[in-house]
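Please read them with the structure open.

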Amino acid sequence: MLRLSSVSKNFGGLQVLQDVSMTIPGRGIFGLIGPNGAGKTTVFNLITGLLAPSAGVIEFCGEPLNGMAPHRVTRRGIARTFQNIRVFKEMTLIENVAVALGSRRQYGALSILLPTARYREAERLEVEMARDLLAKVGLAERADRLAGALSYGEQRRLEIARALATEPKLLLLDEPAAGMNSGEKQQIMDEIVKLNENGLSILIIEHDMRFIMGLCREITVLNFGSVVARGTPDEIRARAEAYLGREE
Amino acid sequence: MESLENLWATYSTLALSLGTNVLLALSIYLTLACGLLTVANAAFMGLGAYTAGLLTVQAGMPFPLALFCGALLPALVALLIGPPTLRLSGVYLAMATLAFGEVVRILILNAEGLTGGALGLNAIPQLTRWFDVALAVGLALYVLLRLARSRIGRAMTAICQDETATELMGIDVRAWAVEILAMGVLGGTGSPWGAVIGGVLITLLPELLRGLGHYRPLINGVVLIVIILYSPRGIWDLIRPIRRSTQISAAN
């Protein structure tokens, strides 16, 4: 599904990633771990088109993604959340999700000026779809609030709902459990499992080892910009503890 | 009735410039609402004004047609310069558009044969009546308010709040920006109403403060600084929370 072949990235003289290869063969939950500064988020930025690789090839469903603009990558079916939450704080939850639904045009620009029945129907449908997605992540009753008024954990869930609105095949989650209490963590783990059961592939960056070990089918370990290990959770656990970072 | 006519005779110019400035403010609202700091809006307005004026004086074109061309030409120019300049963002975009404004100004000043240079265009018949201006303001407001409530408005707000996140929602931010710049030419941030308040105030303020004589520019400046300091997102932002809370309590 997703294949990174010998991908490198430098910023000037600083080599952030060197010769990183990894594959997401098909449906499943996959993990990307490593200490801070190992280049995990850079991998996400390369996949989503925010950065262009200095060398190497990124392929998604057999097509190269290199140099493709972020909005096109999203339309191909890759969605993501952010380590430092980036919801639209001054918009309501419905509006946040509706923005992501909007990339599929259902009506022309003219009907915005002269609202036709079809336009109203499309708008109504959009709000309904947004509500459904919010319900999926357990935010239905807060749909009309401003996103900035949500708690940290809730904003992370809103980001997931917003990502789902783009109808992805592959979802990239950047530290989905950061800053959450154990109850919230369990809740988000259940949600991730459910999303995967519904046919979505998921790649997770996370520092919480119990979280990542409990969810993932395969884990890639990154250190100083290179892949140092790859395997099932058990295999990874058996290898040097040093690669795993801090246990919580 | 007569006193009313006198009042109109005295203040008609003010009323017309009130309307035109509201239009200019609305065009700035549109670009700012997208998070684009462009300062070429006045230059586009000037291009339009010269186009309409020249077509009337030199070509004797009928008024509505001249007006239409006056809107069309700057829109075309915007479509032309939009794609390259909108690769820039933030202060760099402001600088590029500032340069564009200067180019327009210098061109107009030096094309004396066509534009009259520094002396300006003279003897333009005053064909614009108050209801033309009112109609234009009404139309621009209607379009902008409809836009703000639509998907396009949502995308604009999202771009303004976080351009990168918006791109990753599958929205082609640059294509939007070009469209918006072209639209902005035809036309406080956060709401079109804010722009209306701004346009009215900036036109009225010097008139209202006329009694202050030499101190007028001073007070004018103080008013602006107070607004920037205490309500950086404009006067409308002071009114809006009240509206929002009443809407919410009404909804409950």
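This is a predicted model: local features need pLDDT of at least 70, side-chain atom pairs count only at pLDDT 80 or more; totals for chains, interfaces and linings use all residues.

1. Fold of chain B. Chain B has 12 helices and zero strands. Along the sequence the pattern is α-α-α-α-α-α-α-α-α-α-α-α. Of the 252 residues in chain B, 33% are buried.

2. The contact between the chains. Chain A puts 22 residues into the contact, and chain B puts in 21 residues. On the chain B side, three helices each supply at least two residues: α6 (130-149), α7 (151-161) and α8 (163-167). The most comes from α7(B), with seven residues.

3. Where chain B touches chain A, nine residues are nonpolar. Six are polar and six are charged.

4. Helix α3 of chain A. How many of the nine residues of α3 (residues 93-101) are buried? Nine of the nine are, so this helix of chain A is largely enclosed by the rest of the structure. The buried set includes a charged-type side chain, E95(A), and N96(A). Also buried in α3(A) are L93(A), I94(A), V97(A), A98(A), V99(A), A100(A) and L101(A).

5. What α3(A) packs against. Within chain A, the buried residues of α3(A) pack against α5 (117-136) and α6 (152-164). From chain B, α7 and α8 join in. Those two chain B helices also each supply at least two residues of the side that touches chain A. Look at α3(A) and α7(B) together when you check the contact.

Terms used:
Residues are numbered from 1 along each chain as its sequence is written. Chains are lettered from A and ligands numbered from 1 in the order in which they are written. Two residues are in contact if their C-beta atoms, placed from the backbone, lie within 7 Å. Helices (H or I, at least four residues) and strands (E, at least two) are DSSP runs, numbered from the N terminus. A residue is buried if 20 or more other C-beta atoms lie within 10 Å of its own, exposed if 12 or fewer, and partly exposed in between; C-beta atoms are placed from the backbone.
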